[in-house]
Amino acid sequence: MATMAKGNADSATYSFSSAPKAVGARKKYREPGEDTQMYRDLKETGIHWDKRVHRGNTYGMYTQNAIKEALESAQKDETVKPPRRRKAKEKSPFDMPLPEPERIPVDLTPHLIAKEVIIEVSTEEAQTDEFLPEPPPEQYQPQKTGIDVSTQVEDGEITDFDREVEPILDVLVMKTLEQSIMEVEEEHELSQMSDFKGEWYERQTQMMKAWQEQVDEEWVRWEQKEAVMAKKRAEKEREARVLLKIQAIQAAKSHLTQLVPNAVQDLQGLAFPDTRSLAIDRSFLPNLFAKVQQEVASIKTAQQVVNKVCAERVEVQKQSWAVGLEAHKSKNLVLQKKRLEELQIRQGKIRILVDDGSGTPVPVGPIQLSTKDTIEEVQDRVYAWLKKNEPKIAAAWPYGVVMKLSGEPVQVTAQLFEAKAGQISMTAQEPPPPPEPEEDENPEGEGAAEE
């Protein structure tokens, strides 16, 4: 490494920290089996992985700075730090993008497909050529005036071909080398694939041969087994036939030994019957069976009668239970109505049942009362309700109504709030008494008239 001595820049000298060494001879290409552990990945051996190679324009300021940074980072022996993951940014409600503009499809078929022009053709025996159209007149060009402007450019003033063609030539050479290396690698890979394919086919052929040999051996074992099984089956059939013959002989012997005694016994029962057994079979047993049938029939009839009586009793009991349940329900309903009516009475709402003259009770109310109202106001309010809702009853009672509690007239409105259900009633008010005649002041006139 070279270092510059301190002092004036004109008289600067260079010295080396290590003695110069000659560059040793090295191979142009690596061998296929050479160790590549120095690289993290095989693709790092390609020229595209090298950070010193830049694609495109290399004359811009930003490109030159990027190349310098790449060279400096390549020279530094530092461990590569893993990239830090950015913390996920919380979404903001104001990040909602604008709606995308509606895309109207445009039919570009007329611009993409050439129009087919149908050429009209006709055949004629003799036809003169049509006159070609006259060429259009040339555009008017005014006559030049003055002196043409020119600039003299000497060699090397604008461009230096040798200097500017160097990066282009460098890129072309590198691209050519990279393509050639890639083709060599592909050919090597194809050769390895073909070798692997040949070895795989050979292994498959050997496996098929081994499998066929195993199948043939299995067939031989199966045929041997079938032959042994057939032989054993034949022996088993012969043993079964012999066993059947022995059993038949034993059965014949046992049957023939008892044949004559059994025949004599059967003939004795048919030709010389026993009178005692005959009487039992013909008279005693039929009478016994008839009595048993009668007894069974009587027991069955008694069971049917008992079942019928039990069923009728159960049905009567069910009906009585149903009637009792209905009566209990109706009683509860009446009690609930009474409680509701008493609750309404406590709240100042009274309801009264009045006979309309035909024996039919008509409900009057509910009518809202208050403890502050007098009994006269209550009676007037009830009579007003009758005029509005029951005009027939109101017409029968022209002089108003009288509120009663358990048959006695009500004196104070508070008594109505303490009444129970059904105690409140009302009757027609009696007509007022006729007016008394006025007395004459002249007693004499009365006496004279009497005379």
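Predicted model: local features only at pLDDT ≥ 70, side-chain atom pairs only at ≥ 80, totals over all residues.

Reader: Okay, how many helices and strands are in the chain?

Author: There are 9 helices and 7 strands. These are DSSP runs numbered from the N terminus: helices are H or I with at least four residues, strands are E with at least two.

Reader: What about α3, how far apart are its end C-alpha atoms?

Author: They are 140 Å apart. Helix α3 covers residues 161–257, so its 97 residues should span 144 Å at 1.5 Å a residue, and the two values agree. The expected span is 1.5 Å times one less than the number of residues.

Reader: Where is the kink in α3?

Author: It is centred on Pro 167 and comes to about 30°. The bend at a residue is the angle between axes fitted to the seven residues ending there and the seven starting there.

Reader: New topic: how many salt bridges does the structure hold?

Author: It holds 5. A salt bridge here needs a side-chain nitrogen of Lys or Arg within 4 Å of a carboxyl oxygen of Asp or Glu. One of them joins Arg 221 and Glu 218, with the closest N and O atoms 2.4 Å apart.

Reader: And how are Arg 221 and Glu 218 placed in helix α3?

Author: They sit 3 residues apart, so about one helical turn separates them. An α-helix has 3.6 residues a turn, so residues three or four places apart point the same way. Arg 221 is partly exposed at 44% relative accessibility, and Glu 218 is partly exposed at 44% too.

Reader: Is Arg 163 buried or exposed?

Author: Arg 163 is exposed, with a relative accessible area of 53%. Its side chain meets that of Glu 164 in a salt bridge, at 3.9 Å from N to O. Glu 164 is partly exposed at 32%.

Reader: Which residues have the most contacts inside the largest nonpolar core?

Author: Leu 386, Met 403 and Met 426, in a core of 21 residues. Such a core is a set of buried Ala, Val, Leu, Ile, Met, Phe, Trp, Tyr and Cys residues joined through side-chain atoms within 4.5 Å.

Reader: Which element gives the most to this core?

Author: α6 does, with 5 residues. Elements that each supply at least two include β3, β4 and β7.

Reader: What is Leu 386 in contact with?

Author: Setting aside neighbours within four places in sequence, its partners include Val 364, Trp 397 and Met 426. Contact means heavy atoms within 4.5 Å.

Reader: Last one: how many residues of β5 are buried?

Author: 4 of its 5 residues, so β5 is mostly covered by the under-20% rule. Strand β6 runs antiparallel to β5, and 2 bridges join them. Strands pair if DSSP finds at least two bridges between them.

How values were computed
Residues numbered from 1 in each chain as written. Heavy atoms only, no water. Buried < 20%, exposed > 50% of the residue type's maximum accessible area, 1.4 Å probe, protein only.
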